[in-house]
Amino acid sequence: MTSTEKQEEEKGTCRSPGNEIEEDEYSLSVFDLPWEDVLFRSILSYLPLTTLFQFRKVCKIAKEMVANYFSQTKYLNLCQVAFRMTSSAFHIMTDNNFSLEVIVMRNAKDWLSNDLFLPLIHNSHRLIKGDLTNCQTVNNVCLQALSSTCKNLRELYLRDCHWVSVEGIKAVSLNCKNLEKLDLTGCWEVNDNAVVVIAIYSQKLKYLSVAKIYGLTDHAISSLAKSSKSLVHLNVQGCWRLSDDSIRDLAEYSRSLKVLQVRECRDITEGSLARLRVKQVKLDVRPPPHLRNLNALHTLNQRLNVQI
């Protein structure tokens, strides 16, 4: 074997059988382009994960390139392949990455475990967004690690994670001071005490969903109204124990509130919602028929005033 052939084998270059054309000394391939500035930013970042794993099988240098890309990427989104992901593929993607800022693990129900996820959390000090929606096979150990490691976390989505505990949420609120968005929809173990802690310590919180947490009472929402001064969007859909009392507190104290979702809250009536409508807070329930024309007239008057 000649030295040229050895070099080609070491680099993993691939030739078709019977190819007799000699390459020019100065010919270039895609691998000669700048990896980080060109290939990673303009090509690999737009490829689906399945394509990246197919590409790494082409040759040795392609495998090295994909490994290098996985070690530097700041964005990990597995929601499109959650049902086909394996632990070995997860290791390939995450073992050498210390730069992740966004992790989306939505619907990773069958293969994700604490043993797989914890090392990634401990390596992700720069994380600003975590999405564990419907991840049923991890527990509060991961949530505790997330809160202690990822101090700059701004968005956390735990929708339908029934394992989330009061202590886990308290840890997040106490440690992640920059949290702006928190989705706890369907986290049934969360109670009034956890929401009170959120209200007191998550002072930058702008979006909160506690929908379908059936044990919440007016005490929790009133605490949010009086303490969460930055809250813009609140979702309490399906919290059937809430009444007009807490909605009146929202109307009185929540100066920043712009959106309130209260559908399926059976004891919340127009008597309290009317105060929010006057303040132009967007609601997901329509007013009674006899008030709709009045609301339309109020909106028209506002537009006329602006034009004048």
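Helices (H or I, at least four residues) and strands (E, at least two) are DSSP runs, numbered from the N terminus. On that basis the protein chain has 13 helices and nine strands. This is a predicted model, in which local features need pLDDT of at least 70 and side-chain atom pairs count only at pLDDT 80 or more, while totals for chains, interfaces and linings use all residues. Residues are numbered from 1 along each chain as its sequence is written, and side-chain values use heavy atoms, with hydrogens and water left out.

Of the 308 residues in the protein chain, 45% are buried, where buried means under 20% relative accessible area, computed with a 1.4 Å probe on protein chains only.

A search of the whole structure for disulfides, defined as pairs of cysteine sulfur atoms within 2.5 Å, finds zero. For two cysteines the reason is distance, because the closest cysteine sulfur is too far for a bond both for Cys142 and for Cys239.

The axes of helix 2 (residues 35-42) and helix 4 (residues 60-72), which are lines fitted to C-alpha atoms over the stretch in contact, with angles running from 0 to 180 degrees between N-to-C directions, come within 11 Å and cross at roughly 85°. The two helices are therefore roughly perpendicular to each other, a label given to angles of 65 to 115 degrees. Their contact (heavy atoms within 4.5 Å) involves Trp35, Glu36, Leu39 and Phe40 of helix 2, and residues of helix 4 including Ile61, Met65 and Tyr69.

Terms used. Angles under 35 degrees count as roughly parallel, over 145 as roughly antiparallel, 65 to 115 as roughly perpendicular and the rest as oblique. Buried means under 20% relative accessible area, exposed over 50%, partly exposed in between (1.4 Å probe, protein chains only).
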